[in-house]
Amino acid sequence: MLEFDTRPNDCPICGTMMDVPVDMYGVMAEMPRLISRSFREPRSHKGAGWTPHEVASHLADAEVVEGWRLRQVLSEDEPMLQPFDQDLWAAKLFYGQRDLATSLSTFAANRQSNMELLRFAGDAGLARKYNHPEHGGTRPLRVLIDHIADHDVLHLRQIRGE
């Protein structure tokens, strides 16, 4: 069970209905702590998809990608963001073998830096536009941030076996 309230979000990137935290920025800032704590709690991994350890590696890498994308959108006019194949990265970048503590601390440090930039950027920054070949044209940064929040909730539940 989540310790924060969520609201449904029809994600235009995923094309699915997902949950986004009501206090999105507060929860996004706390997500590294919530994820780390989840590794100390009993959980039931059902075997579908990545293991919790692999998810931690994915979150560390995804936060680096999102940080790069955030910096592009805030500093360039309508940049084209590069897609990446998360399953290829999982297979080729040793997701099951990487040190869990390193993955968790990498995720936490990059998330803290990214949240700082979002605070400085404010509403004007969230309105800046980007292009992504898989996201369907030009979108405001706010859409990408909503997607990241959805992504966090999805993986938190996955780690917990929910």
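**Backbone, helix and side-chain features of the predicted model**

Glu-78 lies in the loop between H2 and H3. The model examined here is predicted, and its backbone at Glu-78 has a phi near 45°, a positive value in a residue other than glycine. With a relative accessibility of 44%, Glu-78 counts as partly exposed. A positive phi is also found at Phe-94, where the angle is about 60° although the residue is not a glycine. Phe-94 belongs to the loop between H3 and H4. As background to these two cases, most residues other than glycine have a negative phi. The loop between H2 and H3 also holds Asp-85, which is partly exposed at 40% relative accessibility. The C-alpha atom of Asp-85 is separated by 23 Å from that of Lys-129, a residue 44 positions away along the chain.

Helix H5 was considered next. This helix comprises residues 141-160, 20 residues in total, and extends 29 Å from its first C-alpha to its last, close to the 28 Å expected at 1.5 Å a residue. H5 is mostly covered, with 16 of its 20 residues buried. After the helix comes Gly-161, which has a positive phi near 75°.

H5 is also in contact with helix H4. The axes of H4 and H5 come within 11 Å and cross at roughly 145°, and the crossing of the two helices is left-handed. On the H4 side, the residues that meet H5 are Phe-107, Arg-111, Leu-118, Asp-123, Gly-125 and Leu-126. Their counterparts in H5 are Leu-141, Arg-142, Ile-145, Ile-148 and Asp-152.

Two aromatic pairs were found in a search of the whole structure. In one of them, the ring centres of Trp-50 and Tyr-95 are 6.0 Å apart and the ring planes stand at 75°; because this angle is over 60 degrees, the pair is classed as edge-to-face. Trp-50 is located in the loop between helix H1 (24-38) and helix H2 (52-75), whereas Tyr-95 is located in the loop between helix H3 (86-92) and helix H4 (100-126), so the pair ties together parts that are 45 residues apart in sequence. Both Trp-50 and Tyr-95 are buried. The other pair is formed by Phe-84 and Trp-89, with ring centres 4.5 Å apart and planes at 40°, so this pair is tilted. Phe-84 is partly exposed at 22% relative accessibility, and Trp-89 is partly exposed at 26%.

The structure holds 11 salt bridges. In general terms, side chains of opposite charge can pair when their charged atoms come close. One of the salt bridges joins Arg-160 to Glu-3, with 3.0 Å between the closest N and O atoms. Arg-160 is buried, with a relative accessible area of 10%, whereas Glu-3 is partly exposed, with a value of 40%.

A second example involves the side chains of Glu-30 and Arg-33, which meet in a salt bridge at 2.5 Å, N to O. Glu-30 and Arg-33 are 3 residues apart in helix H1, so they are separated by about one helical turn. An α-helix has 3.6 residues a turn, so residues three or four places apart point the same way. Glu-30 is partly exposed, with a relative accessible area of 35%, and Arg-33 is likewise partly exposed, at 43%.

A further salt bridge connects Glu-162 with Arg-157, the closest N and O atoms being 3.9 Å apart. Glu-162 counts as partly exposed at 44% relative accessibility, and Arg-157 is partly exposed with a relative accessible area of 26%.

Technical notes:
Residues are numbered from 1 along each chain as its sequence is written. This is a predicted model: local features need pLDDT of at least 70, side-chain atom pairs count only at pLDDT 80 or more; totals for chains, interfaces and linings use all residues. Side-chain values use heavy atoms; hydrogens and water are left out. Rings of Phe, Tyr and Trp (its six-membered ring) pair if their centres lie within 6.5 Å; planes under 30 degrees apart count as stacked, over 60 as edge-to-face and the rest as tilted. Helices (H or I, at least four residues) and strands (E, at least two) are DSSP runs, numbered from the N terminus. Buried means under 20% relative accessible area, exposed over 50%, partly exposed in between (1.4 Å probe, protein chains only). The expected span of a helix is 1.5 Å times one less than its number of residues. A salt bridge is a side-chain nitrogen of Lys or Arg within 4 Å of a carboxyl oxygen of Asp or Glu. Axes are lines fitted to C-alpha atoms, for helices over the stretch in contact, and angles run from 0 to 180 degrees between N-to-C directions. A crossing is left-handed if the near helix is turned anticlockwise from the far one by less than a right angle, and right-handed if clockwise. Contact means heavy atoms within 4.5 Å.
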